Amino acid sequence: MIEFILNNQLVKAEQASGSTVLDYIRYYKRLVGTKIGCREGDCGACTILVGDFEKGKLIYRSMTSCLMPLGNAHGKHILSVEGINSDQLSPVQQTLVDTDGTQCGFCTIGFVMSLTGYVLNDTAKNYDDAIAAIDGNICRCTGYKSIERAVAILSEKMNDKPEQETVQWLVDKEFIPDYFLEITSRLKSLREKINKEADTIKPIVQKLVLGGGTDLIVQKALSVKKSDVVHVFDAGHLQEIKLVSGQCHIGAAVTVTAFAESKLIQGFFPELKKYIKLISSTPIRNMATMAGNLVNASPIGDMSIFFLALDSDILLNKDGATRAIKLKDFYKGYKHIDKAADEIIEAIVFTPPQNNNFNFEKVSKRTHLDIASVNSACLLIQSGDGKIEDVHISAGGVAPFPKYLKETTSFLRGKRIDAEVLKEAITIMNTEIAPISDARGTADYKRLLLRQLFLAHFKNEITSVKKLIGI
Amino acid sequence: MQKSSTIKDNSPETAEDVAGQIGNIDAAGHVTGESIYVDDIPVMEGMLFVKVFDSPVAHGKIKRIDFSEAEQMEGVVKIFSYKDIPGENQIGGIIQDEPLLADDEVHFRGQPILLIVAENEEAAEEAFEKIKIEIDPLPIITDPRIAFEQGKLLSASRKFVVGDINDAFKNCKYIFEGQAESGGQEQLYLETQGAYAYPTEHDSVKIFSSTQGPTQVQRTVARVLGVGMNKVEVDVPRLGGGFGGKEDQASAWGAYAAMVAWILKRPAKAIPHRMEDMRMTGKRNPYSSDFKIGLDEELKIVAYEATFYQNGGAAADLSPAILERTLFHATNSYFVPNVKVTAHSCKTNLPPNTAFRGFGGPQGMFVIESAIDHAAKDLKISADIIQRKNMMDNGDELPYGQVVKECQSKSCWDEVMELYEVESTKKEIEKFNQQNDFLKKGLSLMPICFGISFTNTMMNQARALVHVYSDGTVGISTGAVEMGQGVNSKMLQVAAICFGLSPEKIKLETTNTTRVANTSPSAASSTADLNGKALQDACNQIKKRLFDFIKTDLTGDEDADIELKNEVVYINDEASIFNWKNLIQQAFMKRINLSAKGHYATPIINFDKTIEKGHPFAYHVYGTALTMVTVDCLRGTYEIDAVKVVHDFGSSMNQAVDLGQCEGGIVQGIGWMTMEEIIYNEEGKLLSNALSTYKIPDIYSVPKILDVKFLNTDGNDLAILKSKAVGEPPLMYGIGAYFAIRNAVLAFNPTSTIAYHAPITPEKVLMGLYTHDEQ
């Protein structure tokens, strides 16, 4: 039995835990404000807000309900547009009306929910944050300019939001109805009740382990729905980010958002915000887990590429016994990984980079909310005299799996960078990749693009790069 | 004060007042989720789900198909094939060449073959997997030029000729030839196609359809069922986007739901998932074209010749009409004395391509802009010199015989040059490009001239039904379908100012074929003009009856000057004791008819296809866009820095709606020219088959600055309240993005071999940056 608070109502859902929240709210609860645009998390028309405790505080995250398994709603506050409607339009709604931010209206609810999430969010206040909140919402009437005008007004309003008693303030300003004042306590009692009833963790043999659902439900929604699902999205022991004897441990169920918001991680990657902006969208990052991205084994998985260049290890657990394996050895072939069916990833472990010597590059047809044509990451460790002490480079979209450029990096180790060395490295690189032509580009393009991204890693050696290109 | 008993003209100022009050009347419903789309209509018990089983190959003969196992699965009610169609297995609109369900041959991958009808969606999905089909493959053609070579045409080729092209080329100082390609574009209405139907009495059926053409759905369903149109009621609440994709192609989905409901006597819903919609439905026609342009010493275009190979897909659909509009806009905003443009609608093994905002116009304009750009590059001058020199003006005769009137081409262009300081901007860009190695900026100017009217003269008619209820509230039905273009708001404005009535008292009804019959689809940018004029007619009829009633029964003064303002009856410029409400009550008591049916048929227009001459358009819409971009020459990515436009809205009746249409059209046009890439492989399989592989603009890819200046003009009497049509024309400003990006590529690599091939994706940019002309 899945229990949660849906808008202002406590519900018990008997539907399959692997079925989607979207179908539940639209077809069982007839909350039809939430729309179906694509069922693959790429349009945001079905965006809802999910309230859950983070460090004891109720935090709302936007998620695409089309990919959210119902089981992941257990013990949470699920908010659809009907849950923020009241006699008056909320300031989010009113502002969109005032700026003519709606045309056909089909995407509008997604924008309303994402922007309400922004308003509820404690940290986001400025205009860029507000725009980032709707980075997963597509408007095909392409009325983005009027939506931008709405966002400008809203972010202005947020300047008055107090640090304390924000819920009361939001209720007073009619951003949310007053039942929100009781939600924290209602949710706490629900959680207490659920915790008492909680089963001991079941063995996972023959069961489907499901994280955020952002890949499995896109690929095979029906089969997930029919599976006996073990939901690990909320497994506390898999959600930690910690430093253990100089090694950074990222729990398997850490979401991309949690990774991006971690102060510890931000300290290691000064440009993290820039990289993360290139990876999917806010609602998807709120759902997608680290391990999910790795086991998916997509040749262009952004986080796989990220961690490969950190020369990460992954910890695999089977019946309580843990083994470690290099991520670069984890990938064996197309969608083929070194993992037994009853093993699950526990954590990703890497040595934190020093001195801003890490870089992540990604080019896709659309810069944001798109899958890479080619992506690449590089960790470059140079000695004082410019010699490459160590280097790790990964490349996506150029092989059947996320590729660690073994030959290229071993050639580069010990070298000093100049145009000739870069040229030879590129020649070697071209021998160890085998891109194919597909919807994300022709093989020739991917080859050229990887060369360019490889050169982008050496942005500090611009003279050599220019010489190589011939400008 | 001159006394007159005629109804006063509605002044545009009043319309703007109403607009100020209402903005977009649907907005509140949109932001609360209370607006109703087809899938939101509460369904009746026993509803069946309809899932289409479609062809897994692009061309072949069906050797064997076995769905016996699938049909016996739990939850599956019936599987329909073409044999179960009670009437005609035919849905072709212009040409009868498209079956509803494939019979013995399939002509494109994604062609519907069977309808799986089940108690729930899951059962239908599982049944799909159990259907066995064997198809003997036939040769697959995806390239329109190959289709043309093999004589595979969907309709007769068309040719517009003016002057003597051969003679003219002989006298040209410069002649340039080349090829231009523009890609397809998925409409990607955020609400997929779909219909919900249930049986009604007397062997009839009612269909809720997400369609731009309710009558087209009605006609198609009647034909498929073999019944009269009077037995088919189509109701359209609203659309979550159409963009042309639901002008013709909604009909099949309406027919699926209706046929199942009609035969099985149960409600039925046919709504495809996104990927089904994308692989089964047609898109904007891709074009491959040859051009030849000749200029004299003064850079006047003396002669222009072009051949367009339109990729029509496997059936005609609307392609013949789209082809015609390509010819109408082949010379864009330019006056060219000698023109020969030829267009072929080529039959390929792709889903039948169809309408998309612009309807062939953008495809035609892209070619002449490419030709001008090609000439400019070879002559080492800026393209805008040629563009401005050849801009059309009043009195010029277009290749199809219409003489240009009230032309705003030069005024828009000149205003752009001055307002947006184009010359100094060009210098700044040049300087920037000298100072930056890996960042290059590019600029372009894109004028547009777009004809308003359906080019099929017959379609330029509309009707409206107005009821004034006895309590003074008003209900309006027209043939217009609201799909985000704001036509509901505009209709409400028309009625509000006609009756001098508060917008709250007026309700826009759904679009329904039993209330307004024989409608033209909401398309060709003409919806507000046609339906608004019909609505004016209906309102004026009622108003006249009311005024006559006032004069004869209330004042006894036959010459009284009567007005309705702010719900008060003014007699001879003075407020009378009658307000709207009691006027209506009294009129009703006196048995005055408070309902009216209005009708409108656009005057003047005509076109004779036998000589390809006439006056097909009520008027033209003009404008010019300046586009500026920055290209990252290391990564091949780009950003649109600014699009700055001067656009001829006439006298806009609703600036909020019109600005939204303009901004949206521009961004959609940029999408077509930049990131939106339809990719089929050689087997005719759509590779860009989902939102993950087909990318449309997101909030980060819109121009950072988008300025739209409303050019103040008198408008045109054939435009509703002199407010010019705005749906399609702005899309073509997006073409400017292609040339701006191309110019930036050439700034980095002057010997680039980059072709006139849109969309200019990051791939084409990067390849263009790093490939060199060997010469």
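Colleague: How many residues does the contact take from chain B and from chain A?

Modeller: This is a predicted model, where local features need pLDDT of at least 70 and side-chain atom pairs count only at pLDDT 80 or more, while totals for chains, interfaces and linings use all residues. Residues are numbered from 1 along each chain as its sequence is written; chains are lettered from A and ligands numbered from 1 in the order in which they are written. Two residues are in contact if their C-beta atoms, placed from the backbone, lie within 7 Å. The contact takes 62 residues from chain B and, from chain A, 60 residues.

Colleague: Which elements of chain B give two or more residues to the side that touches chain A?

Modeller: Helices (H or I, at least four residues) and strands (E, at least two) are DSSP runs, numbered from the N terminus. The elements that qualify are helix H2 (27-32), helix H4 (121-130), helix H18 (655-673) and helix H20 (762-770) of chain B.

Colleague: Is Val209(A) buried or exposed?

Modeller: Val209(A) belongs to strand E6 (residues 208-210) of chain A. A residue is buried with 20 or more other C-beta atoms within 10 Å of its own, exposed with 12 or fewer, and partly exposed in between, the C-beta atoms being placed from the backbone. Val209(A) has 21, so this residue is buried.

Colleague: What is the bridge partner of Ala395(A) in E18(A)?

Modeller: Strand E17 (residues 388-396) of chain A runs antiparallel to E18(A), joined by two bridges. In E18(A), Ala395(A) has as its bridge partner Lys403(A).

Conventions. Two strands pair if DSSP finds at least two bridges between them.
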